[in-house]
Every structure is written in structure tokens, then in C-alpha cells.
Amino acid sequence: MNKKIQLQDLGSKDYKATWEYQEELFKDIVDLKIKNRREELDLETPNYLLFVEHPHVYTLGKSGDFENLLLNEKQLEAKGATFYKINRGGDITYHGPGQIVGYPILDLENFFTDIHKYLRFLEEAIILTLKEYGLECGRSDGETGVWLGVGTPFARKICAMGVRASRWVTMHGFALNVNVDLGYFDNIIPCGIRGKAVTSLQVELGVEKVDESEVKSKITKHLANLFEAGFV
């Protein structure tokens, strides 16, 4: 079992280029697992966590409803945004500057083989991170991600999640709103959920700007503890 996770901060990177890079890492891990089984080998499989910030983009999960995108092609162009239908779970979401996107590409057989536990651990890492900023966040029944004000008329989502897994290898991940322009969420029905707001760490704290590198450091710390992993 390899419990080391290679941390890569890609900075600002195009969504499609990042997706292709994810697919490349994902395929390499799956191919190695197949080789191990066919040839009765025991070669270590690598694990990765990619941090990235995307230019304005809307992505729709494989089971999502296209009608949850409220812009046509010309309007997308006017907003300087792109759109992709992709192979993760979940509905529609937005990525853009000021948002911390994390893509864990893990061989879960190095940790545990339970997708629900995996999703809960991703959520928990964000919940614990936000707790360090004095925010009490939680889960909303039947809805993935991390929320504030659960069970009240003021429920609002601060972190979206959507993953894909095959042969216990994961890709895609979470998107935490830190200093993001929340106006871009007005162009979609976020995650296909009507009547619920979206928020950011910046808005909740009432500050001009949150230190994103500090947030990433806290997320990494909590993921390491939850997965009993070491980052390299």
C-alpha cells in the first residue's frame, strides 16, 4: 500500500487541458493495476492531489440536465466562459478565478474501498478547514458538498463536489468558493438545486480577500489526517 500523495499546484490552467491531464494520470494508475493483476506483480500505484484555478467555465456531469445552464452559446462567449459536458457525477457547476479546485487522483485500494466514505472524507476535510475560520458548516441530506445554514431558509453552498471512480481509482473532486465572483452562479441552477444560494469564504468572513495558499495548506493537512497519508 502506498499512502503517499503527490501534491501538484497547477496554478491557473485551462479546464480542458487539466481534464486531459487528469485522464492521463488516471489511465496510468489503472494500467498499472491491470498489469499487477495480469502479471501477478506488486508494483506501487501512485496517488495525486492536483490544486488548480480555472478560467470561467461551466461543467455538466453525465447525469446532469442541460437546461440547468441558463446561457446560450453567444451569452457564454460574452461572459468569457466555456462549457463542457464531462464524465463525473453530479449536475452543473461553475469554476473560475478565486475558487480552489482540488482533483484527488487516488488508488483507493491504497486507503480503503468505499466510495461513500471517500466522498464523506472530502467533505469532512472542507468542513474542518472552514471550522478553522470560525464557520460552522455541514452536509445537506441528499445533496453532496458542504453547506452553511443547513435546515434553515438561508441554506447556502460553499463547496461543490463531483467524482468519478473506476477500478477504485478516482478523478474530478471538489470546488471551494474562496474569493470567487458569485455572479457567475446566476447563470446556472447550481447542481440542479433550485431555491438555494451559493456563498464564498470571502463573503462569509466579510473580508476583502482570503489567502488562498493558506486555505490549500489547511485542506491538505486535513486530507492527510483523514486518509492517514503523507503529502510529497
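A: Lysine 218 lies in helix 5; helices (H or I, at least four residues) and strands (E, at least two) are DSSP runs, numbered from the N terminus. The model is predicted, so local features need pLDDT of at least 70 and side-chain atom pairs count only at pLDDT 80 or more, while totals for chains, interfaces and linings use all residues. Residues are numbered from 1 along each chain as its sequence is written, and side-chain values use heavy atoms, with hydrogens and water left out.

Lysine 218 has a relative accessibility of 17%, so this residue counts as buried; the term means under 20% relative accessible area, whereas exposed means over 50% and partly exposed lies in between (1.4 Å probe, protein chains only). Leaving aside residues up to four places away in sequence, lysine 218 touches Thr129, Glu132 and Tyr133, where a contact means heavy atoms within 4.5 Å.

Lysine 218 is one of several buried residues in helix 5, which include Val215, Ile219, His222 and Leu223. An α-helix has 3.6 residues a turn, so residues three or four places apart point the same way. Just after helix 5, glutamate 228 takes a positive phi of about 50°.

Glutamine 202 lies in helix 4, which covers residues 201–205. Glutamine 202 is buried too, with a relative accessible area of 19%. Among the residues that glutamine 202 touches, not counting those up to four places away in sequence, are Val178, Asn179, Val180 and Val207.

The whole chain supplies the setting. There are 5 helices and 12 strands in the chain. Its radius of gyration is 17 Å, close to the 17 Å that the globule rule gives for 232 residues, so the chain is as compact as a globular protein of that length; the radius is taken over C-alpha atoms, and the rule is 2.2 Å times the number of residues to the power 0.38. Buried residues make up 52% of the 232 residues. Of the contacts between residues at least 6 apart in sequence, 74% join residues at least 24 apart.
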